[in-house]
Amino acid sequence: MQWDYWRLLTVLSLAGFVGLVVGHMMAFLFVAALIYIFWMQSKWNQLQAWLDKPKKNSSPQAEGVIDDVCRQIEQMRAQNSSRKKKLTGYLKRFQSATAALPDAVVVMGEFGQVSWANTSAMTLLGINWPHDNGVRVNNLVRDPAFQKLLELENNAEDVIIAASPMNDRIQLEFKVVRYASKDRLLIARDITQTQKLQRMRRDFVANVSHELRTPLTVLRGYLETLTTESDQELWQQALPIMQQQSQRMHLMIKDLLALSQLETGEKPLQHRPTDICKLLHSVVEDAKRLEHFHQHQISLHCLSEKWLMADADELRSAISNLVFNAVKYTPAETLIDVRWHIEGIFAVIEVKDTGEGIAQHHLDRLTERFYRVDSGRARETGGTGLGLAIVKHVLQRHKAELVIQSAIGEGSSFKCCFPVKSVMDKIDI
Ligand code: ADP
């Protein structure tokens, strides 16, 4: 500021002095003031041009107020640009985070028009950003329940479940959240898996209740009769049936507990070197002692001398289930072949029978809990319907897979395929 006073004072003093010398002081002062005003004006014009296009024009060079203004503006510009960079960084991070979200997120304007959408909005809702910018969401998602949701006040608890417009097997949970004054956020979450799990849980509880109700009803019936009856013959008749039914409940609860332990991972796996041939041999011997064993011809082929790193107890229970099933569900004199061999990248334990076989449409569901091909026969044989579910879980814990092949009239094959890296050379214990 001081610079401007001194500059003006110097110009006016010089003009006044020269004017005094030549005898036209007022005229010289007037001309000097005019020149000064024009000079200042040109500097302000230069400042204006620099403010409009800072990259194209240079800032005015004049000590004093103009220079101070320029410096402050430059400082503000530098601060703004670093703030802008920071905000752009935040925005980019926010956008890439929401883009990576598995949930569809759509920012909607006052009238439900798309203002922004993430990548999942494309896969789940078919909303393509930026192509659908400005298109109303209700033109893209046409489910009536969704239209209703858009008309609501949008409280956080208002949710609807509807099929995805891209794939009607995907179930979505829609939620609309109001933010700022008029904008709204649409969030759609894929709940297909959660719903499937809930359905499985419901089915499981219903199945367990149903399975336990039958033997309990038999037991209750007999108990009620026996409390009023002292007939020896009736007692003789009732006791074995009661024993059989209570044994059935016992087996079911035992299998349920085993399954739950496998699922929750409550019992850690005890991996140790396991002699598969020895294990198979002892399972085959046990199978021969089953009450359903009627001249079945069991052969054991150990085509590999390798051992397996496995939990021997769990593996034994899985293989027993397969071999015992081959005895229980096939007629007398059926050939049952149990073999251990290496097949490419897998080490395989196979239990194959020449029984009646299982129809193709049952195969995918065989490892479901309580799934039975012929429930009458399965109950007769004392089956709980949990055996193959246990096998599947044991194999999963060993990173192995159960492959079932069967054809009516030809028999069935159950292969437990272990990754070959679990195989080891036999050791002397
Ligand atoms: P369970 O414990 O009742 O034996 P599983 O889960 O072990 O039940 O088996 C499910 C169903 O698969 C059985 O009810 C039976 O109908 C069928 N199944 C299993 N193994 C065989 C087999 N080797 N041959 C024919 N059917 C079989």
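Tutor: Helices (H or I, at least four residues) and strands (E, at least two) are DSSP runs, numbered from the N terminus. The model is a predicted one, in which local features need pLDDT of at least 70 and side-chain atom pairs count only at pLDDT 80 or more, whereas totals for chains, interfaces and linings use all residues. Residues are numbered from 1 along each chain as its sequence is written, and side-chain values use heavy atoms, without hydrogens and water.

Val-21 belongs to helix 1. This residue counts as exposed because its relative accessibility is 61% (exposed is over 50%, buried under 20%, partly exposed in between, with a 1.4 Å probe and protein chains only). Together with Phe-17, Val-18, Val-22 and Phe-28, Val-21 makes a nonpolar surface patch of about 460 Å². Helix 1, residues 2–22, gives four residues to this patch, the largest share.

We now come to the part requested, the ligand. There are 20 residues around the ligand, and Asn-325, Tyr-329, Asp-353, Gly-385 and Leu-388 come nearest (a heavy atom within 4 Å makes a residue near). The protein buries 96% of the 540 Å² that the ligand exposes when taken alone (Shrake-Rupley areas, 1.4 Å probe; for residues, only the protein chains shown count as cover). Two or more residues of the shell come from each of helix 10 (312–328), helix 13 (387–397) and strand 12 (411–419). Helix 10 supplies three, the largest share.

Strand 12 also holds Ser-413, which counts as buried because its relative accessibility is 5%. The side chain of Ser-413 forms a polar contact of 3.0 Å with that of Glu-350 (N or O atoms within 3.5 Å; within protein, one must be able to donate a hydrogen and the other to accept it, and residues adjacent in sequence count only if both atoms are side-chain atoms).

Technical notes: Patch = residues over 30% accessible without salt bridge, like charges linked within 9 Å, V, L, I, M, F, W, Y side chains within 5 Å. Salt bridge = Lys/Arg side-chain N within 4 Å of Asp/Glu carboxyl O.
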